[in-house]
Amino acid sequence: MLHTNLALRRPITTLMLFAALSAIGLISAFLLPLEQFPDIQFPGMGINIPYQGSTPEEVEQQITRPVEEALATLPGIEELRSTSTESGAEFQLSFGWDGDAAATAFEVRNKLDAIRQNLPAGANRILTFSGSTSDMPIVVVRISGQSDLSKQYDLLERYLKRPLERIDGVARVTLAGVEPEELRILIDPTRLAAYGVDVAKLRDTLERANFSVSAGEITERGQRLRVRPIGEFRSIDDVRNFLVHGSVRLSDIAEVTLLSPDLSIGRHLNGRPGVGLDIFKSTQANVIDVAGRVLAAIESARELPQLQGIEIIVLENSAKSIKSSLTDLGSSGLIGGALALMVLWLFLRDWPTTLIVSLAVPFSLVITLAALYFFGLSLNVLTMMGMMLAVGMLVDNAVVVTESIFRHRQMNPADPLGSTLSGVSEVGIAVLAGTASTIIVFLPIVFGEKNQISIFMSHVAVPIVVAMLASLFVAQTIIPTLTARFPAPPPVAAGSRFDRLQDRYARALTWVLAHNWKTALIIVAILASPIPLFATKFLKVDMFPQDATDRLQLIYNIEGTYPLERVEQAVTKVEAYLDANRERFGIELVYSAFTPDGANTLITLKPADELPMPPRKLMEEIEKGMPEIIIGKPTFQFNQQQGAGTFSFQLTGDSTERLTEVSSDVVRLLSGIKGLDSVRSTARSGEQEVQILVDRDRAAQLGLSARDVAFTVAAAMRGDRLKEFRSADREIEMRLAFRESDKQSVEDLARLPLYLPGGERTTLDAVASFRLQTGEREINRIDRLTSIEVTGTVAAGSTLPDVRKAVEATMKAFPLPPGYGWEFGRGVQEDQEAGNNMVLNILLSIALIFLVMASLFESALYPLSIVTSILFGMVGVAWALALSGTAMSFMAMIGIMILVGVVVNIGIVLVAHIIDLRNAGLPRKEAILQAGRDRLRPILMTTATTLLAMLPLALGNAQVGGDGPAYYPMARALMGGLAFGSITSLFFVPAFYVWFDDFNEWRRRIVTASRQRGAAAQPDAAG
């Protein structure tokens, strides 16, 4: 104990050291960035290749499959998902958390660049993006007005978007639901034919005409001048008057006008047309500061006369969520700390001692804040969670050390410094082993298999580890320094309540030690008691239980593809029902987004204390009166991050059509499974499409190929993007396309002019025939296999593991066509993997704890008696969760992991003192009873402080990040396990110690007898 001895001899230096550490910690608290979640780069990337106006089959053949073939050879890609639609191809790549995501993404981009020239001409844009927690918008705003705002881009950009972009710390601002006007060149096919203009050549001519290049430099009169030939269009009239050929101008064959593009997504806010506005912060910017400035700017914009009549609603505010979450955690920590302080005083009945012991909490926390700053971490809900969990345990070392110091002070009052050092030394191994056991449980998470759970949990582990190490340092330096300068409190008075409690405990412990077989039967009964809880499903196991929050997501499950106006009618019908029952359901806001093939509505509820019933019950009530819509079936969907806790599985095969048929049968089959609601398939019928069948022989006779015909049709119908038109204040998109009135029917399509190599003109119907057929809306593939997803909602009272077993049994009896298969989706797989990983981590933690204790006690046998306290703690967890109606979830498993490192402290303190007393000469039974009496008060104090620190979380409804998993399963598991484990360990750990000690004595007698027989045999052999 060199550091303790130094602290006792240099008290001023010790106090100055802690004053300096406190100052650094307080300064760090102001410098630490505030975030909702730590900045974590997700191991994956998305790829988007737009190709408007095509078909899913064409996109799959010409874009999706070539890209998949190019990426399939890359190492490090765990999953490749693709979606082919009429507007392009999208890819989602998942990498391993252990790999180098940046290097893999670089290789992906290289592969894409290598095949770019093999993709269709209209698919020359390849957009790639990756995601991290910092990419989420910090403020989400929704805007609505009495009139349609979809054509008010300039107004919203000028008075909202641009002012917000100029705010310090804002990286970008996006507007959704409104688009800037584009310059549309609308071709008249009749005039086009009359003037003999080829559409493809017209596009190339316009592209070449709109240019600006640098041609070098010249020197004039000693001055260097840059030469730049300018051929760009400067005005709309320049475009209209452009000479196509001869004296034919563009205005002769086309109408050139500014138009707002048709929106592919509609939005409603409280029943009125809406626009989305998302604000993103720049890297390293403080969320609270930036969000505050953004909200102030929005408030100012509301007062502008130009925006009167427009409602601006802040839908999400990360700063508010961060403050709310941190406030919940902070208040829980303060309440828990105050309760722990009260417990200390009730046990110690001495204010100076109580305050000295309590110093371990603030000193440890400020040291933790300093460590977070120097480690480059932020103050977020995860690091705050770690510090809050540590609050109840920070006084453990101080309590044990102080109790030991004062016991030695009472035995040797003449030498306060010497007795203080003796008291610290006596429990040195015990507090070191206890601290090591508490922090070592996080090693499997920090250094084990990398996954999303371990990455996030490591941010919880760091503050706990630092705080516990700091508490050990505080308990062995500043605490002895202060206690040595104060008089020791009087010992427990004879006949007092606590003295009587010690006597009762000693009598009960004597009975336990005297009745081995009865004690063994009681232990077996206790350890077996949770079995009926699991067998009868009284205690449910559900890693990610689904539960409703104050935001309900309503999915319409649109069957087929319809005009946007038709989908809007269905959405309006549902919104009218919600608006009519706004007070009955406690609805605060309704926001909808819809496309021709899908729609969803976000229902924001009032605060929990104003709701007529819990959110889950509200979902059921809303669904009871939901109006029927012909084109779909609205159902609620739980919003679980990364699909965790949701039910889904994929059907895979060769044909999307065949998969659609199979998925319909599967949906009907699974709808009958108890515990599974709202079963649906992602397969839906596509749009009616006109298929053009090119007569290759006829086309070849005319000097055309099928490819030439297809490109001409695509350019005419889909339109082609041209180089941007630069106006006085901004760039405007230019697009060449046919007039809408000229592509309304098959007859219009048949009259499309085609130009032959010799300059002659023919029409499309001369080389092709037409047929009307329903096409596929989208084609989904997973790891290069065509797939369709079946999803569902786990019903109230059921769990995902129960549903998984039922689905497995059902699908085993379902005959799939040859070459077709199925597998559970990511949510189901992650649910099982999370449970397996946590069980493995807990087992590894127990093994590590045993290794640490065996090393510190220099014994491989006695630590086994300490480890048994973990078993009793597990029993307490099971009963606490069952009686409180809490499922064994992932958050509860986190509580168990922390419990493993905490509950063994009781056994460590007891066994270490027993060993010390026996080494001092006491017989085994007397040593056990004396150790129990000596350590009863610190054990009860440390247990009570930890339990009370967790109480606010166990009774509250605080959630991770404000809308994530609830904290209470973790707190209840920790409290139940610690409370039951502490009580049982006080009796059964000494019993196990005796049994293992008897076994050790028997082993020694066997070894001694064997050696004696061997020694006796040697003289006989010599004789």
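Which residue forms a salt bridge with E165, and how far apart are the closest N and O atoms? The partner is K161, and those atoms are 2.7 Å apart. By salt bridge I mean a side-chain nitrogen of Lys or Arg within 4 Å of a carboxyl oxygen of Asp or Glu.

A word on the source. This is a predicted model, where local features need pLDDT of at least 70, side-chain atom pairs count only at pLDDT 80 or more, and totals for chains, interfaces and linings use all residues. Residues are numbered from 1 along each chain as its sequence is written, and side-chain values use heavy atoms, with hydrogens and water left out.

Back to the pair. K161 and E165 are separated by about one helical turn, because they are four residues apart in helix α5 (residues 153–165). Helices here are DSSP runs of H or I, at least four residues; strands are runs of E, at least two; both are numbered from the N terminus. K161 is buried at 13% relative accessible area. E165 is partly exposed at 33%. The cut-offs: buried is under 20%, exposed is over 50%, partly exposed is in between, with a 1.4 Å probe and protein chains only.

The structure holds 24 salt bridges. Take R272 and E311, with closest N and O atoms 2.8 Å apart. This pair links distant parts of the chain: R272 sits in strand β14 (residues 272–281) and E311 in strand β15 (residues 310–317), 39 residues apart. Next, D998 and R924, at 2.7 Å between the closest N and O atoms. D998 is in helix α36 (residues 968–1022) and R924 in helix α35 (residues 924–955), so the bridge ties together parts 74 residues apart in sequence. D998 is partly exposed at 33%; R924 is partly exposed at 25%. There is also a network: salt bridges with shared partners join E60, R65, E68 and R781.

T483 lies in helix α20 (residues 478–483). T483 counts as buried, at 0% relative accessibility. A polar atom of its side chain lies 2.9 Å from the backbone oxygen of I479. The T483 side chain also reaches the backbone oxygen of P480, at 3.2 Å.

Key. A polar contact is a pair of N or O atoms within 3.5 Å; within protein, one must be able to donate a hydrogen and the other to accept it, and residues adjacent in sequence count only if both atoms are side-chain atoms.
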